[in-house]
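Hi,

Here is the structure I promised to pass on. Have a look at it first, and my notes follow below.

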Amino acid sequence: MKQVDELRKGLSPYLNWNKARLTCFSQMVLALFMVRSVNLTQIATAFQGKATTDSHYKRLQRFFRGLTVDMSCIFDMILTLFVIEGKVWLMMDRTNWQFGKKNMNILTLAIGYKGIAIPLAWFVMNKAGNSFTEDRIQLLEKAMSMIGKLKIKGLIADREFIGMRGLTI
């Protein structure tokens, strides 16, 4: 639990959450490195503590229920924790998860850092299918304002993100 406590303390200045929520999030982050999957049932198997895997899974479900995140806090935390040297690639992708009977269609923007993609911002869409061009532009403009246009090498994204309106970097 030492790693969980250290990570929770490190995250607390950036996330205005209570101790229980920060602990759950810290457990989840550490579990992601272990299981290398975003599947909650797999993440639950890597949680520390005496509770059963089923209890950890239910805890993860409660964590995401009603979760709101201030994207500015996430940007600040990422840019503080990871010193960005030189130009970086931005990566955009969309994923669709099943949360009970509800589809979670999420548009994510990440930054390439030493061979890994670190999520900077995401947008949960209340619809099935592809995102709107305006949603993608909004995420990119936010990233450019936080990182700076001169630090961005380019954007990597699937062809599904081609839109009618362009964005100038």
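Val 124 is partly exposed, as its relative accessible area is 36% (buried is under 20%, exposed over 50%, partly exposed in between, with a 1.4 Å probe and protein chains only). Val 124 sits in strand 3, residues 116-125 (helices, H or I with at least four residues, and strands, E with at least two, are DSSP runs numbered from the N terminus). Leaving out neighbours within four places in sequence, Val 124 is in contact with Met 104, Asn 105 and Ile 106 (contact means heavy atoms within 4.5 Å). From Val 124 to Phe 63 it is 61 residues in sequence and 16 Å in space, C-alpha to C-alpha.

Before you go further: this is a predicted model, where local features need pLDDT of at least 70 and side-chain atom pairs count only at pLDDT 80 or more, while totals for chains, interfaces and linings use all residues. Residues are numbered from 1 along each chain as its sequence is written, and side-chain values use heavy atoms, with hydrogens and water left out.

Which residues of helix 4 are buried? They are His 56, Leu 60 and Phe 63. Down the axis of helix 4 these fall within an arc of 60°, so they line one face of the helix (the arc is that of the directions from the helix axis to the C-beta atoms). Just past helix 4, Gly 66 has a positive phi of about 75°.

Now for how helix 2 meets helix 4. Their axes come within 11 Å and cross at roughly 115° (axes are lines fitted to C-alpha atoms, for helices over the stretch in contact, and angles run from 0 to 180 degrees between N-to-C directions). From helix 2, the residues involved include Ala 20, Cys 24 and Met 28, and from helix 4 they include Arg 59, Leu 60 and Phe 63. By class, this contact of helix 2 with helix 4 has seven nonpolar, two polar and three charged residues (Ala, Val, Leu, Ile, Met, Phe, Trp, Tyr, Cys and Pro count as nonpolar, Asp, Glu, Lys and Arg as charged, and the others, Gly among them, as polar).

Helix 2 also packs against helix 1 (residues 2-11), at an angle of about 115° with the axes 9 Å apart. The contact of helix 1 with helix 2 divides into seven nonpolar, four polar and two charged residues.

Gln 27 of helix 2 is worth a click: it counts as buried because its relative accessibility is 3%. Beyond four places in sequence, Gln 27 touches Met 1, Val 4, Phe 47, Gln 48 and Arg 59.

Last, helix 1 itself. Val 4, Arg 8 and Leu 11 are its buried residues. They cover an arc of only 70° around the axis, which puts them on the same side of helix 1. Lys 2, Gln 3 and Lys 9 are exposed on the other side. Helix 2 and helix 5 (71-81) are included in what covers the buried residues of helix 1.

Cheers
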